[in-house]
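Have a look at the chain below and turn it around a few times.

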Amino acid sequence: MIEPGVRVEKVTLAGDTPALKFIPASPGLHPVALLAHGYASSKEAFFRYGEALAAAGFICYSVDQPGHGASPQTYTLMEAAH
């Protein structure tokens, strides 16, 4: 179930970063929130947070970090340090 009035879309950011976009029902300009999970997780871990933020009027993106979820990138310590 998705919060009433909230739309969720699968999107890709920066060419290769899988994300979920949570969109509020109300028209107009909205602040933007970015949700980024920690090690051994995925963008879906923050689904309820994204819903709640969208219900509060934010456009929210929840992303898959490299080597996690649907990300085509590999996880390396060097990349994580950057």
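What follows goes from the overall layout to the sheet, the helix across it and a few side chains.

Before we start, this is a predicted model, in which local features need pLDDT of at least 70 and side-chain atom pairs count only at pLDDT 80 or more, while totals for chains, interfaces and linings use all residues. Residues are numbered from 1 along each chain as its sequence is written, and side-chain values use heavy atoms, with hydrogens and water left out.

The chain has two helices and four strands, and from the N terminus on they come in the order β-β-β-α-β-α. Helices (H or I, at least four residues) and strands (E, at least two) are DSSP runs, numbered from the N terminus. Of the 82 residues, 32% are buried; that word means under 20% relative accessible area, with exposed meaning over 50% and partly exposed the range in between (1.4 Å probe, protein chains only). As for contacts, meaning heavy atoms within 4.5 Å, residues 24 or more positions apart account for 63% of those in the chain with a separation of 6 or more. The accessible surface comes to about 5,200 Å², and 61% of that belongs to carbon and sulfur atoms; these areas come from the Shrake-Rupley method with a 1.4 Å probe, and for residues only the protein chains shown count as cover.

Now for the sheet. Two strands pair if DSSP finds at least two bridges between them. The four strands make an open sheet in the order β1-β2-β4-β3, with mixed pairing. Strands β1 and β3 (32-36) stand at the edges with a single partner strand each, so one side of each has no neighbour in the sheet. From one strand to the next, the twist averages 25°. Angles like this run from 0 to 180 degrees between N-to-C directions, and the axes are lines fitted to C-alpha atoms, for helices over the stretch in contact.

Strand β1 (residues 7-13) pairs with β2 in the antiparallel sense over seven bridges, and glutamate 9 stands opposite lysine 21 in β2. Three residues sit between the strands in this hairpin, where alanine 14 takes a positive phi near 55°. On to β4: β2 and β4 run antiparallel too, joined by four bridges. Here alanine 19 stands opposite valine 63, and phenylalanine 22 has cysteine 60 as its bridge partner.

How enclosed is β2 (residues 17-23)? Six of its seven residues are buried, so the strand is largely enclosed by the rest of the structure. Helix α1 (residues 47-55) lies across β1, β2, β3 and β4, running at about 40° to β2.

That brings us to the aromatic rings. Rings of Phe, Tyr and Trp (its six-membered ring) pair if their centres lie within 6.5 Å; planes under 30 degrees apart count as stacked, over 60 as edge-to-face and the rest as tilted. By this rule there are two aromatic pairs. In one of them, phenylalanine 22 and phenylalanine 47 have ring centres 5.2 Å apart and planes at 75°, so the pair is edge-to-face. This pair links distant parts of the chain, with phenylalanine 22 in β2 and phenylalanine 47 in α1, 25 residues apart. Phenylalanine 22 is buried at a relative accessible area of 0%, whereas phenylalanine 47 is partly exposed at 22%.

Next, zoom in on serine 62 in strand β4 (residues 59-63). With a relative accessible area of 0%, serine 62 is buried. Not counting residues up to four places away in sequence, serine 62 touches Pro18, Ala19, Leu20, Phe22, Leu35, Lys43 and Phe46. Phenylalanine 46 itself is in the loop between β3 and α1 and is partly exposed at 23%. Its C-alpha atom is separated by 7.0 Å from that of leucine 35, eleven residues apart along the chain.

Finally, the charges. There are two salt bridges, each a side-chain nitrogen of Lys or Arg within 4 Å of a carboxyl oxygen of Asp or Glu. Glutamate 9, which is partly exposed at 32%, forms one with arginine 7, the closest N and O atoms being 3.1 Å apart. In the other, the side chains of glutamate 51 and arginine 48 meet at 2.5 Å, N to O. Both lie in helix α1, three residues apart, about one turn of the helix.
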